[in-house]
Amino acid sequence: MAELAGVSIKTVSRVLNNEPHVRPTTRERVESAARKLGYQPSQAARRLAGNKSFLVAHLYQASDSAYIGGIQSGAIRRCRELGYHLVVESLDAHSGELPGMVERIISVLAPDGIILTPPLSDDREVVDLIGRRGVRVVQVGSMEHEHGLQIFMRDRAAATAITEHLISLGHRRIGMVRGHPQHRGAALRFDGFLDALTAADIELRPHYVTQGYFDVQSGIEAGRAMLSLASPPTAVFAANDEMALGVMIAARDLGIDVPRGLSIAGFDDTPMSRLIWPSLTTIHQPLLDIGALAVELLVRRSEPELLEEIPFTLQIRASTAQVS
């Protein structure tokens with residue numbers, strides 16, 4: 001392989017072990033040679049030689065959400081490219097045993113890095129514990145703690161943008177389904193919703209705001225509550241796509257046409273948002289890229305930025321229209 005790539009054996013070893021300070025062109029030559037030769041490194045030998053497990057752990061709150069699935073897919077892809085494996089552990093963020101469970105995962109697996117997603121990424125006790133154990137950690141969706149690397153998107157600004165879109169369509173009676181109260185991002189999205197209403201001089205109607213939990217069922221329940229009012233909203237912004245789908249189901253059950261009778265917007269741009277009809281206006285955050293970047297920060301970059309901002313994009317689709 002060294003001969004094919006035109007480099008020394010030591011350089012090949014550095015590239016295959018993802019060591020820093022290798023020129024990108026040199027790294028690409030070695031990786032290209034490895035692909036041509038069909039090289040598959042022995043994980044056991046690598047662990048013995050380098051004091052690494054070549055494991056990255058993703059710890060997350062028990063969930064079947066598309067948000068978690070998207071991040072995991074991106075992380076799996078990047079781990080595979082770098083010769084690592086992703087281990088996923090579903091934990092109960094509300095359990096008093098959470099710190100002990102994290103301790104056991106670190107002791108048993110000895111991961112080279114840990115990815116935390118909300119609400120675990122907002123749990124100071126967990127983040128501090130991982131820091132004390134000397135394990136690199138990436139907090140997704142958080143800007144709260146001193147330990148670890150953080151990948152974040154400006155949820156508040158994104159929520160403002162999507163609410164402004166509804167306002168631009170002439171809607172003044174706008175409802176919101178709030179996200180899970182233990183997720184910091186949910187509070188930021190509500191703040192952004194309020195910012196847009198205030199800027200447009202629209203009074204907040206408390207009965208237009210309902211509590212959701214980032215799942216379809218809570219979206220259905222919130223939608224039924226708002227749409228059964230004597231004067232229901234003409235538009236609803238749900239703090240994620242699953243709850244937006246729930247509102248859409250509630251509207252269908254009540255015989256309300258979307259978008260002619262009700263505009264609906266979500267958040268995250270999960271695959272479901274493009275497959276349902278009408279397709280969902282939403283905020284796009286690149287979940288696959290977030291997962292891949294988290295792995296990159298943990299195992300590839302020797303001195304990464306502490307804060308990595310992910311841009312958002314407003315995706316306007318068929319579920320929103322001018323107010324009737």
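## Close-up views

**View A. Gln285 touches Tyr67, Met153, Arg189, Phe267, Asp268, Asp269 and Ile290, when residues up to four places away in sequence are not counted.** A contact here means heavy atoms within 4.5 Å. The model shown is predicted, so local features need pLDDT of at least 70 and side-chain atom pairs count only at pLDDT 80 or more, while totals for chains, interfaces and linings use all residues. Residues are numbered from 1 along each chain as its sequence is written, and side-chain values use heavy atoms, with hydrogens and water left out. Gln285 sits in the loop between β10 and α13 (287–299), where helices (H or I, at least four residues) and strands (E, at least two) are DSSP runs numbered from the N terminus. Its relative accessible area is 5%, and therefore Gln285 is buried; buried means under 20% relative accessible area, exposed means over 50%, and partly exposed lies in between, with a 1.4 Å probe and protein chains only. The side chains of Gln285 and Asp268 are joined by a polar contact of 2.6 Å. A polar contact is a pair of N or O atoms within 3.5 Å; within protein, one atom must be able to donate a hydrogen and the other to accept it, and residues adjacent in sequence count only if both atoms are side-chain atoms.

**View B. Gln139 belongs to strand β4 (residues 136–140).** Gln139 counts as buried because its relative accessibility is 0%. Its side chain makes a polar contact, at 3.4 Å, with the side chain of Gln150.

**View C. Helix α8 (residues 155–168) is largely enclosed by the rest of the structure, because ten of its 14 residues are buried.** From its first C-alpha to its last, α8 reaches 20 Å, which is close to the 20 Å expected at 1.5 Å a residue; the expected span is 1.5 Å times one less than the number of residues in the helix. The buried residues of α8 are Asp155, Ala158, Ala159, Thr160, Ala161, Ile162, Thr163, His165, Leu166 and Ile167. Their cover includes α9 (184–199) together with the strands β6 (174–178), β8 (235–238), β9 (263–265), β10 (282–284) and β12 (313–315). Just after α8, Gly170 takes a positive phi of about 95°.

**View D. Asp123 caps the N-terminal end of helix α7, with a side-chain oxygen 3.0 Å from the backbone nitrogen of Glu125.** Within α7, Val126, Val127, Asp128, Leu129 and Ile130 are buried, and what covers the buried residues of this helix includes α6, β3 and β4. Just after α7, Gly134 has a positive phi of about 75°.

**View F. Ala110 and Phe214 have a positive phi although neither is a glycine.** Ala110, with phi of about 50°, is found in the loop between α6 (98–109) and β3; its relative accessible area is 41%, so Ala110 is partly exposed. Phe214, with phi near 65°, is found in the loop between β7 (209–211) and α10 (216–227); its relative accessible area is 16%, so Phe214 is buried.

**View G. The largest cavity is lined by Arg172, Ile174, Leu197, Ile202, Glu203, Leu204, Arg205 and Tyr208.** On a 1 Å grid over the protein atoms alone, a cavity is a set of points where a 1.4 Å probe fits but cannot get out, and lining residues have an atom within 4 Å of a point. The count comes to one cavity of 30 Å³ or more, and the largest cavity holds about 30 Å³ of space; grid points are joined across faces, edges and corners, and a volume is the space filled by probe spheres set on the points. By class, the lining has five nonpolar, no polar and three charged residues, where Ala, Val, Leu, Ile, Met, Phe, Trp, Tyr, Cys and Pro count as nonpolar, Asp, Glu, Lys and Arg as charged, and the others, Gly among them, as polar.

How values were computed. 1 Å grid on protein atoms, 1.4 Å probe; cavity = no way out; pocket = protein on both sides within 12 Å on 5 of 7 lines; lining within 4 Å.
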